[in-house]
Every structure is written in structure tokens, then in C-alpha cells.
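These are my notebook entries on a single structure, written down in the order in which I looked things up. I began with the ligand and then moved on to the protein around it.

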Amino acid sequence: MNYAAQTLLERIKRDGQINGEVIKVDQFLNHMVDPALIDLLATDIAAQFAEKSIDKVLTAESSGIMLAQAVAGMLGISFIYAKKKRPLTMGEHYAAASYSFTKEESTTLYVSKEVLHPRERVLFIDDFLAKGSTLKAAEEIIDQAEAMLVGSAVIINKSPRRDIYAILTLDDLQ
Ligand code: G4P
């Protein structure tokens, strides 16, 4: 386990809670946020993708935003956060629905055609990967844009998928 993973694990044990498959991280990641921790996690993720010629980082509102900003800053590129409500000012757009099993609700993600373009190489970032529905919606949006998903990175991967870069998996938390 690398330094970022060890630090996060210790923080979860100190300030968080693990209730089966639900991990409480609202003291440092997704309600109150520790920017130094975010930077440490982002450094690890940015290093993984530094040689992949990423053009844009893509995340979804809202908890992925802090990490996406930090990673994009380190890669020297912009990040997009897909919106869950379409603003009146958003003209032509891509949209994809995602069902959250954690929250038992369906949401639609919107990305303006002005910010994501054909052939752009995209890195998807999020805090948790649970059932993968947010990632699936992001993939649909990337397809609609004729852009390319080059990789995905999350802080905690709760799914059995191993084709996604994660700082921690559920196994690490047992
Ligand atoms: P999926 O996208 O991978 O299918 O996951 P799912 O819909 O089941 O859950 C995604 C939402 O639930 C995300 O928030 C994510 O942050 C949150 N989530 C999932 N597992 C956990 C967990 O173990 N602990 C905590 N604290 N949150 C979890 P969201 O709906 O995208 O909203 P937002 O909070 O980012 O605004």
C-alpha cells in the first residue's frame, strides 16, 4: 500500500466510520474537506496519468469536484463537472441518466457541447465507485461527444471492478 493509501486508511480509521459497505468520510472528504488530504490523493492520481496525454478531467457534481480540480491543476489542464441540473444558460449539451443505488434516485448529468470536444482524451474522477452508474453516464457523455475515455480514478472503489485506478478498495478497509 502506498503512502497516499496508508494516510487515507489511517484517516478513515481515526475520523471516519465503516458500516459494512458504507464508508463515512464527511469529516475530511465529502462534507468538511481537508485540502491537504485531497492534494495528497491528487498527487498520487496525477502521477498515474501524467504520461497519458490527458486533455480534460471529467467528474460529476458534487463530491468529485475537489479531487478533480486538484488532479487537473497538477496535470495543467481544465476539469469539467457534469451538472445535475441543466442551467438555462446551457445551450446544446450532452446528457445521460444515472441511477444511484446508494441514494435510490435517478439523476441526469449534463455537459455543454462547448466544453467537451471530439477526440479529447478524458480522465474520469470521482470520490466513490459503487455500482458504476455515474461512470456509465460519464462514458455515455464521452461517447456522445466523440471524445475518448483514457482512464478512471476514484478515491474508494467499492465495486469488484479492477480496471479503475483507486487509492483504496473495500478489501483494504476490512
Ligand atoms: P455509482 O455512481 O458508482 O453507481 O454509485 P451510487 O450511485 O450507488 O452512489 C454514488 C453516490 O453515493 C455518490 O454521491 C457517492 O459520493 C455516494 N456514495 C457511494 N458510496 C458511498 C459511501 O460508502 N460513503 C459515502 N459517504 N458516500 C457514498 P452522488 O450521488 O454523486 O452525490 P454527491 O454526494 O457527489 O453530490
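Predicted model: local features only at pLDDT ≥ 70, side-chain atom pairs only at ≥ 80, totals over all residues.

Serine 100 has an N or O atom in its side chain 3.1 Å from an oxygen of the ligand, and for lysine 131 I found a polar backbone atom that is 3.1 Å from a ligand oxygen. I also noted that the ligand taken alone exposes 710 Å², of which the protein buries 88%.

The peptide bond that joins glutamate 61 to serine 62 is cis, with omega about -5°.

Which residues of helix 3 are buried? In this helix, which covers residues 65-75, I listed Ile65, Leu67, Ala68, Ala70, Val71 and Ala72. These buried residues pack against helix 2, strand 3, strand 4, strand 7 and strand 8. After helix 3 comes glycine 76, and its phi is positive, near 75°.

I wrote down serine 53, which is not a glycine and still has a positive phi of about 50°; serine 53 sits in the loop between helix 2 and strand 3. Arginine 119 also has a positive phi, near 70°, without being a glycine, and I found arginine 119 in the loop between strand 6 and strand 7. Arginine 119 counts as exposed because its relative accessibility is 67%, which is over the 50% cut-off.

What is the nearest side chain of opposite charge to lysine 158, and how far away is it? Lysine 158 is buried and has no salt bridge, and that nearest side chain belongs to glutamate 21, 5.6 Å away. I noted, however, that the side chain of lysine 158 reaches the backbone oxygen of glutamate 21 at 2.6 Å. Lysine 158 lies in the loop between strand 8 and strand 9, and the residues it touches include Val22, Ile23, Phe128 and Leu170.

I found isoleucine 12 in helix 1, and it counts as buried because its relative accessible area is 1%, under the 20% cut-off. Among the residues that isoleucine 12 touches are Ile23, Val25, Phe28, Ile156 and Leu173.

How many salt bridges does the structure hold? I recorded 9 salt bridges. In one of them, the side chains of glutamate 140 and lysine 136 meet at 3.6 Å, N to O, and both residues lie in helix 4, 4 residues apart, about one turn of the helix. In another salt bridge, between arginine 161 and aspartate 163, the closest N and O atoms are 2.9 Å apart; arginine 161 is partly exposed at 34%, while aspartate 163 is exposed at 56%.

Notes
Residues numbered from 1 in each chain as written. Heavy atoms only, no water. Helix = DSSP H or I, 4+ residues; strand = E, 2+ residues; numbered from the N terminus. Buried < 20%, exposed > 50% of the residue type's maximum accessible area, 1.4 Å probe, protein only. Lys, Arg positive; Asp, Glu negative; His and termini not counted. Salt bridge = Lys/Arg side-chain N within 4 Å of Asp/Glu carboxyl O. Polar contact = N/O pair within 3.5 Å; in protein donor to acceptor, adjacent residues only side chain to side chain. Contact = heavy atoms within 4.5 Å. Areas by Shrake-Rupley, 256 points an atom, 1.4 Å probe, with all protein chains shown as cover. Lists of a residue's contacts leave out its neighbours within four places in sequence.
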